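Thanks for asking me to look this one over. Please have the sequence and the model open side by side while you read.

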Amino acid sequence: MSPRASRPTIHDVARVAGVSRGTVSRALNGDAYVSAAALAAVQRAVAETGYVVNRAARSLVTRQTGSVLMVLSEPQEKLFEDPNYSTLMRVAMRRLAERDISLVMMLSGNDGDRDRVVRYVRGGHCDGVLLVTTHSGDPLLDELSRQHIPAVTCGEIPGGRHQVPFAAADDRGGAQRVTQYLADSGRRRIATITGPLDTPGGLLRLEGFCDVLGRKATKKLIAYGDWTRRSGELAMTELLDRSPDIDAVFVGNDLMAAGALAALRAAGRRVPEDVAVAGFDDSSVAMSTHPLLTTMRQPLEQVAEETVRLLLELIDGAENVDSVVLPTELIVRESA
């Protein structure tokens, strides 16, 4: 007999449980009108027979697919370079598995990728969408709104045009604190390397930097990266060319800070004696640099937990959920 023919069926579950096939179907689909005794009998029969629910068949009844789509709005190479993304995926998969929901990962770093995401969503293949590093003005946001599909972002979308619930670290407050720490340590010429300004981390961390320094935050002391190590190295080189007297730099994430450290070494600048360096994230990168990186820790696992919680509430029928902003923590090490 073939493996397919030997698989237990819903009829087997009904026979073992001593109930009708309809009762088994209602129990498996969470019908509230199934008695506690019948539900317990069905659950025992499922365990005894090894029956596995057919998701495709269930979706016809529940109108749910049992899957959630995570969309990373960045090129593929960033997925493998930045350790933050693996943390987000790991936590999301674990939390969703508790509800027997699968996580599907797609990229939306260019028009072709975005079109594939839109087709996937329009096809009704997921119950909700987790958006990561979404850029302001992303047309995917309009499409999700038109489809009325539950969506939550990891990080606030700059500009406030789209009212999408989010979970995030306190980017602006964290940037204020680390910049103030550099100023309080006696640094007088403090620069910054930002992420893309159409992302929440890029814009809000720059705003926090400017909040503390005011008029001292001149254009000469601001350089722009794209979250990658290489961009941090290039931006630091640019800052040294424009302002050789820089004695501190706040970098928008740890990867770019690692690049900045490489540029400072190449220029013969000592860290922290000549230039203090501070990052943001407290990712695994911060413990692999030389010297070890002072950084602002964001509770990334907690952010991921909250993002999934908000999305599940929307999938379960909540009309509105409140966004969540979590506190950051300054971690002082050798670089500043």
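The numbered points below go from the whole chain down to single residues.

1. **Ground rules.** This is a predicted model, so to speak of local features a pLDDT of at least 70 is needed, side-chain atom pairs count only at pLDDT 80 or more, and totals for chains, interfaces and linings use all residues. Residues are numbered from 1 along each chain as its sequence is written, and side-chain values use heavy atoms, with hydrogens and water left out.

2. **Confidence.** The protein chain has an average pLDDT (the predictor's confidence in each residue, from 0 to 100) of 86, and 89% of the residues score at least 70. Contact here means heavy atoms within 4.5 Å. Where pLDDT is low, the predicted coordinates should not be read in detail.

3. **Overall make-up.** There are 14 helices and twelve strands in the protein chain. These are DSSP runs, numbered from the N terminus: helices are H or I with at least four residues, strands are E with at least two. Of the 336 residues, 51% are buried, where buried means under 20% relative accessible area, exposed over 50%, and partly exposed in between (1.4 Å probe, protein chains only). Among contacts between residues at least 6 apart in sequence, 70% join residues at least 24 apart.

4. **The cores.** In soluble globular proteins, nonpolar side chains tend to be buried together. A nonpolar core is a set of buried Ala, Val, Leu, Ile, Met, Phe, Trp, Tyr and Cys residues joined through side-chain atoms within 4.5 Å. The largest one has 28 residues, of which Val-68, Leu-88, Leu-130 and Val-132 touch the most other members. Two or more residues each come from β1 (67-72), α7 (83-97), β3 (129-132), β4 (151-154), α14 (300-315) and β11 (324-326). Helix α14 gives the most, with nine residues. A second, separate core of 23 residues includes Ala-223, Leu-240, Met-256 and Val-271.

5. **Ala-167.** Do look at this residue in strand β5 (residues 166-169). Ala-167 is buried, with a relative accessible area of 0%. Beyond four places in sequence, the residues it touches include Thr-153, Cys-154, Val-303, Leu-310 and Val-324. Ala-167 and Asp-322 are 155 residues apart in sequence, yet their C-alpha atoms are 9.1 Å apart in space.

6. **The aromatic pair.** Rings of Phe, Tyr and Trp (its six-membered ring) pair if their centres lie within 6.5 Å; planes under 30 degrees apart count as stacked, over 60 as edge-to-face and the rest as tilted. That rule gives one aromatic pair. The ring centres of Phe-250 and Phe-280 are 6.4 Å apart and their planes are at 50°, so the pair is tilted. Phe-250 belongs to strand β8 (residues 248-251) and Phe-280 to strand β9 (residues 276-281), so the pair ties together parts 30 residues apart in sequence. Both Phe-250 and Phe-280 are buried. The charged end of Arg-205 sits over the ring of Phe-280, 3.9 Å from its centre; the cut-off for this is NZ of Lys or CZ of Arg within 6 Å of the ring centre and within 35 degrees of the ring normal.

7. **Asn-253 and Trp-227.** Asn-253 is in the loop between β8 and α13 (254-266) and counts as buried at 3% relative accessibility. Its side chain reaches the backbone oxygen of Trp-227 at 3.1 Å and the backbone nitrogen of Met-256 at 2.9 Å. Such a polar contact is a pair of N or O atoms within 3.5 Å; within protein, one must be able to donate a hydrogen and the other to accept it, and residues adjacent in sequence count only if both atoms are side-chain atoms. Trp-227 lies in the loop between β7 (222-224) and α12 (229-242), and its phi is near 85°, a positive value in a residue other than glycine.

8. **Backbone details to check.** A cis peptide bond joins Val-271 and Pro-272, with omega about 10°. The bond from His-290 to Pro-291 is also cis, with omega near 0°.
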